[in-house]
Amino acid sequence: MKKVMRREKIVYKALVSFISALLLFFSLNAHVFANVNTVTVYVGDVLVWNGANTGNVPGISITGSGSDLDINVSGGTTYKGLSVSGGASSDTIHINILSGSATFQGDNNSLPPGAPANGSGGRAGIYVNSSATMVISGGELKAIGVTGNDGTGHAGIATNGSMTINNTNVTATGSNSTNNSPGGNGIETLGDFIVAQNGQPTINVTGGSSQQSDGGNGIFSMGKIDVKLGVVNARGNTGVNGGNGVVAADYPSGSASAPQDAVIVENSATLNAFGGTGTTGIGGDGVLTSKSIDITSGGNIAGTGGNGATEGGVGLAAASSLGSGYPANTNVNDSIHSDNGGNIHGTGGDATSSGMGGIGIATNVIANTGGAEILGEGGNGAGSGSGGDGIQAMSGNSNVITGANLSGVGGDGGVNGNGGDGIQTDQSLSVSNGARITGAGGEGNGTGIGGTGILVGKDITATGGAAVTGTGGNNQGTGASGIGIKVAGTIQSNNSQISGTGGSGSTTNAGDGINIENIQGTSPALSSQNGSVIKGIGGKGGAASGNGGNGITIGNAQISLIENGDSTITGTGGDGGSSNTTSGSGGSGMDVGPIDNTDNGTITGNGGNAGNSDQTNSGDGGDGIHSGGDINNSDGSNITGNGGNGKDGGDGIHSDGNIDNGGTSTNDAGTITGQGGESPNAGGNGIDSDGNITLGTGSASGTGGNTGGTGIRMDGDGTITGGNNTASGSPAIDSGTGIHVSDGTTSTKGDTKTPSLIIDGGSYGEVPSGSNVFNLPPKNAKGEALKQITIILEGNSTPGKKVVLTLINADGSIYPYNTSHLVIGKDGKLHIWLPKGAVIKNISSNGIKYPGKYVVTSKNNQEAYFKLKGNDIKVTPGKPSKEDPKEHKVIPTDTNSKDGRLPRTGDKESAVPTMIGSLLFLLGSYYIVRKK
């Protein structure tokens, strides 16, 4: 499994040095300021407050009381940069815009006393040199940083404490850098940044650009960012590496010991963040935090990574490294999570010169509940770079999606790059309560591979009406195409839907619909229960010789069980590619391990056709179902396999082990149907086992494909203990070691090829066409040679109708033959096998009784025709109907006539001499008239 490691960013080295200096400065001086009465306020170089008015700026008045300092500002004026020094963390500094719009723009020439020579003071629009909390309320505020004389960029608003914006529309712009320093941040805080305890403000924040270093960030907070109400738009700017839209470190309050929410959006508020362009390096991230992103009560967050020359920025990056100099305070449970609705949208930036596209959403864990929507879209790669993953959740615990929707779209690869995965995690994915998961891989180009729709490092569990859908990316060059859904572990589904579609190839192999590696060898590898629907569709192979993808593939095939109950599993192989001279093989509908199909479950596999499947130079058709172990089908369940067409047709159903269909009671009945693929060379077998085949109650049907496909074939023993079975092919049935028929009805169209055929019950097929096909005659358990008797019942040729009869030996004892499940075969007849001298009598079917008896002769192939006369329900002499046999018919005498002689009916064949009739009367009630 590929793992795209989150890169370490170097965006903030200069800023870290600056903040560290400020922290040291305040650790030495903060004790001087006990409350706001010792706070000094400057506007430009004018001292306004120091316990008493010592200067005056028109439009600004300042009052202080206790722990509060109020700075009241009139609108309609542009002021020089506002700078506040002093105050403890328990103090509050209120900036109130009384009316209109007030602008604070940094003064490049004047520095307030005590400000660092190369710091933000005097050059930021607003600078709070204090750990006190700054609160902005009312009207509209604009804060503009100004580039220093040395070319250094500065912030629009900078504070060493926390910052809260209430009902004020705020625009903050960091200044550009012309030296080797980063662009100024739009807003930077050492504490928390909180928007709108009340009101619905609009906040627009933009970082400054840099010519020689990283672009400025829109919002940079060493604490939390909490958007409670309103709309926040934050943009990083252009630089060598693009600036980030939003950065939240949650430090020093955060720690590695427990997960923390560093970015919070609540109450239908909106946070939009855009990374800046990296001119020669990496694009900026939309939102970047080393902790968690939490969306609650309908909040909305959208992050767009900036384009970068060597790598696109990440749309939303949670639990990510902030780079050198920052604390590694992430926790494996830090995540992107939501509840009660809302939207989370991350879009990765494109790589523009070389390298990978940005990831849409990157995090340790995704935990999404309460109807929220999460969408991640990866950026496109460049050169040999891969497309970015839509959503990537790595190194955390299981991802839990409950009652919500999660979608990921991988970016396209560069000219020789892999497509990004739609959704990728190295952990498990749990989906429940109607949640919807959708992943689409990006296209691979050149030698690159198409992206996987959903790539899971452990297991997928879907319950409660959930749905998981993955689509592999196509390939537009010579690389393979992507898989729809790929898991390293297992898939467990309960009353849910899981669907995977492989990508199509351009010139090479297509992707599988669903691929379950099951690297731990867990059983079952695929469990589908309680009305679940599992569907895998392989992609189409590319021209000229690309193979089609398998619908469903499961690794560790000998032990990786499919367990299906009251559910539906369908696999459809993709067709192979083709050209005028060559072609690829079709994919298997299912290439899996053992299968246990019970409780009215349905499993269907359709093999793909080879390209140019009607030509001898084509590839092979795919098997409908190929099992690496045993296949068991019972309890009203159905298994259907259709082989694809090709040079060698695919088998409908092929087992490397044994096949058991049905059981001993009607409750165990199962239906298994296999159709071999057509071929100009060798048709596929309908049902094929490398071991034994046992057919019990229910029905089995195997049809070999043209040319030469076998209906039902097994390397080992064939055992038929019941059911209504049919086989058609060349031969119809082929057993390597022998066939034992003890019950049921088996109709064959074609030869039976076996070294041994033992029949002691049921109805079995048609007569083989030559003694070279198997060792005639068939025998019973005692070793007696058997003759085939085809019984035809006038007026009753409906397949499946039960037939009851009595069989006795020539000495009058009961002949041991199992008749408990005899039904009329699909040819409208009943075929039983008895030794010479055995007697058939007391036949009844479909409410009709056929009196009389038939004595088995020495002829190998015999037909007994039981005929009715009107409502008398008797077998009478006369001409055979259209159903009459070619060999012989059964005609009764009538001992109820007045003179004791056979009646005359006008039928020439019934005109039997009295002497012969009297002799037959003494010998028995039936005789056989041979037709000429």
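Pro731 lies in the loop between strand S64 (717-728) and strand S65 (733-735), strands being DSSP runs of E with at least two residues, numbered from the N terminus. The peptide bond that links Ser730 to Pro731 is cis, with omega near 0°. The structure is a predicted model, in which local features need pLDDT of at least 70 and side-chain atom pairs count only at pLDDT 80 or more, whereas totals for chains, interfaces and linings use all residues. Residues are numbered from 1 along each chain as its sequence is written, and side-chain values use heavy atoms, with hydrogens and water left out.

A cis peptide bond also joins Ser523 and Pro524, where omega is about 0°. Pro524 is placed in the loop between strand S45 (514-516) and strand S46 (526-529). Most peptide bonds are trans, and most residues other than glycine have a negative phi.

Positive phi values near 55° occur at Ala319 and at Asn530. Ala319 belongs to the loop between strand S27 (316-317) and strand S28 (335-338), and Asn530 to the loop between S46 and strand S47 (533-537). Ala319 has a relative accessible area of 13% and is therefore buried (under 20%; exposed is over 50% and partly exposed in between, with a 1.4 Å probe and protein chains only). Asn530, at 44%, is partly exposed.

Ser213, in the loop between strand S17 (202-206) and strand S18 (219-221), counts as buried because its relative accessibility is 14%. Beyond its neighbours within four places in sequence, Ser213 is in contact (heavy atoms within 4.5 Å) with residues including Asn180, Pro182 and Val240. Over the chain, buried residues make up 58% of the 932 residues.

Definitions and conventions. Helix = DSSP H or I, 4+ residues; strand = E, 2+ residues; numbered from the N terminus.
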